[in-house]
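Here's a quick tour of a protein structure for anyone just getting started. Have a look at the picture first, then read on.

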Amino acid sequence: MLDFAKRDSFPHGIHPPENKDDTSGLPIRQFPFAPVLIVPLSQHLGKPAKPVVREGQEVVRGQTIAEADGFMSVAMHAPASGTIRRIGLAPHINGQMVEAVYLEPLPASTQEIADGEPCDVESATPDEIVTAIQRAGIVGLGGAAFPTHVKLRPPEGKTLDTLFINGVECEPYLTTDHRVMLEQTEDIFMGIRYLLKVTQTPRAVIAIEANKPDAAEKLAAAVPEDLPVEVRVSPVKYPQGAEKMVIKALLGREIPSGGLPADVGAVCCNVATTAEIGRLLPRGRGIQERVITITGPGVSKKGNYRIPIGTTVRFALEQCGAVEDISRVFMGGPMMGPSVSNLDIPITKGTSGITAFTAAETGGSTGHRKVYPCIGCARCVEACPLYLNPSQLGILAKFEQYEQMADDFHLMDCFECGSCSYVCPSHIPLVQYFRMSKKMVRKMRAAA
Amino acid sequence: MYIAVLTLAALCFVFATLLVVAHRFLHVEEDPRIEAVQDMLPGTNCGACGFPGCAGLAIAIVGGEALPGKCTVMNEDEREEVAGFMGVDAGAEEKVVARLACAGGANTARNRASYAGVPSCRGAELIAGGGKACFWGCLGLGDCETVCDFDAITMDRHGLPVVNEDHCTACGDCVEACPKDLFSLHPVSNRLWVNCKNLAKGQAVLDDCEVGCDACGRCAADAPGVIAMVENLPVVDYGRNHNVRTAIDRCPTGAIVWFDEKQGPQTGRGARRVVRQGERRAVNT
């Protein structure tokens, strides 16, 4: 029985307009293949993968085209059957030029997916499952693209008691996790079987926000008898989808500053990642496509699509009917997604959506809002889910006091949810300041 | 009452004795010349000499580890003054200046997106690399101009920093500040200079920037042994006799330049002249 009355939430946070209704009812559809797919070798945090194909080679959809290079790395798979045109530099959403494989899909191919070495949940050992997850190229599909296999094994001397399956999806506009929960229910429970075995946790909790009651009901009704899974619904609040926040909301435990979920006995995995584990591992396949939401006032054919990795934003927008006065495009949602500077940037494993806005929403062609001085209203302090002081941090960032920001004001704990910038009446781009400062702090620490 | 007076007097005596002992036995002999030399140094603490500030250099000069010529901020007369005071040679250090490896101002390089955030290059670089079509090019928001303590860098009307070689002391602040790593320090006698960092080649470069290096390799052919093409960019071997002015002549875009002593950077005869003064129109979004 679902208990909607239970108020599992966290203090602070904000309530931006959700705008999910446009796409939450639309089933996931297959996206067509672009004429050229650009598969970057570095789609995850960590070391780039090592290519195992050469230029001119023909590959089958699902074939491994790059292998993991070390533990903090995952494999890449061909998103389509076709020919490798070249291996060279391609723009990436992080602002770097990275090595990428340019793949030209064969137009006449049936695009059958190649199966690999299956990993059976009953007979495989935890280590074998970890290797299989790495080989399948699975990373956190929620947006951070952290290699999933790295965080699953309980660290030395710690026991994990709860596996969180994060289906909160607090980011406005995005509905991928919502659709995955409705349409891939079986895969999710299969994935949980694998994850429970690896993490050795006694129970799993599926976290869902109250704006997705249909998904919560469907999952709660479909829980297999032999699985210790609980479906928990929490009230809508941004940024509840963040690892730190969902654990605080549902478990009441706070991750210490600079710590990991394992420090409070929890491990967190995105629901789409779990579904992919359950879908791919039994057949030994790898991630060569992912579910994304293409939405916003800037496109006419909004929807949830299963899109091949490496499709450029330009092709995706063309297929979805970009409107004439499209002005700003985000990779992901509008709160945390980076704004795109180049439409030839490919969609990677970490891209959970494309949100396009027109000039009317962003305020003219330049989209520039006048920035006023901080008036000390402390709305950002009220909004920050981590109890940081964004106002003070913003002032320090302006005067480049990076050391003080990191040492005295816990800058490095900020996960850039954007709540402070959202509520600031002076339009101070606080999160951008923090990202700049974090980069400087990392640079200084690396030099020291 | 007299107890308090006596206690204080006793304390005074004890501490005074301690001070006298410390003065006698823990005395540190400091060369008075260090202070004198430090007073003569400019006091900008720019760090260009490689020592920790002007005090560090003063100690090194007095200790005989460095010559006054290490200081790039002082002029010739001031250096002579320090040298005369110390009775050493001024030491001729070659002048080193900061050079920018990008020529793509707003009139020659195309923008893909317009950036509207924190007005600094470091901020723009975070937003998917900034709005410039060329991923390696100067973002033109002037972080280097702000950071320069000597007013040696000014942004020209096309949004490109120009280094005033007379003012530049090679302190390296701009090298640190540029998020695209476009600045580097070079002796002024390095006359050949590759004014581009674009690793792409051919039409892909020219689509983004009219003065980029399209990796045609003519300069490398004209100056064999001195210039080699590495990753689609010419690399000048400054260890050799590199002052081969003919290398720039056939460059079609003027990406390789010759820093003339009087006239400043010169492009070759074959280079396309860009006369446009306004901003290049953004083609895609």
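What percentage of the 285 residues in chain B is buried? The answer is 40%. Keep in mind that this is a predicted model. The rest of the briefing goes through chain B and then chain A.

**Chain B: what it's built from and how it spreads**
- Chain B has nine helices and nine strands.
- Its radius of gyration comes out at 27 Å, while the globule rule gives 19 Å for 285 residues, so chain B is more spread out than a compact globule.
- Picture a box of roughly 95 × 50 × 30 Å along the principal axes: that's what the C-alpha atoms of chain B fill.
- If you take the contacts in chain B between residues at least 6 apart in sequence, 54% of them link residues at least 24 apart.

**Chain A: two domains**
- Where they touch, domain 1 of chain A puts in seven residues, and domain 2 of chain A puts in seven residues.
- On the domain 1 side of that contact in chain A, you'll find four nonpolar, two polar and one charged residues.

**Chain A: a covered helix**
- Helix α8 of chain A runs over residues 271–280 and is mostly covered, with nine of its 10 residues buried.
- Among the buried residues of α8(A) are Val271(A), Glu276(A), Ile277(A) and Leu280(A).

Note on methods. Residues numbered from 1 in each chain as written. Chains lettered and ligands numbered in written order. Predicted model: local features only at pLDDT ≥ 70, side-chain atom pairs only at ≥ 80, totals over all residues. Nonpolar A, V, L, I, M, F, W, Y, C, P; charged D, E, K, R; others polar. Helix = DSSP H or I, 4+ residues; strand = E, 2+ residues; numbered from the N terminus. Rg over C-alpha atoms; globule rule 2.2 N^0.38 Å. Buried ≥ 20, exposed ≤ 12 C-beta atoms within 10 Å, placed from the backbone.
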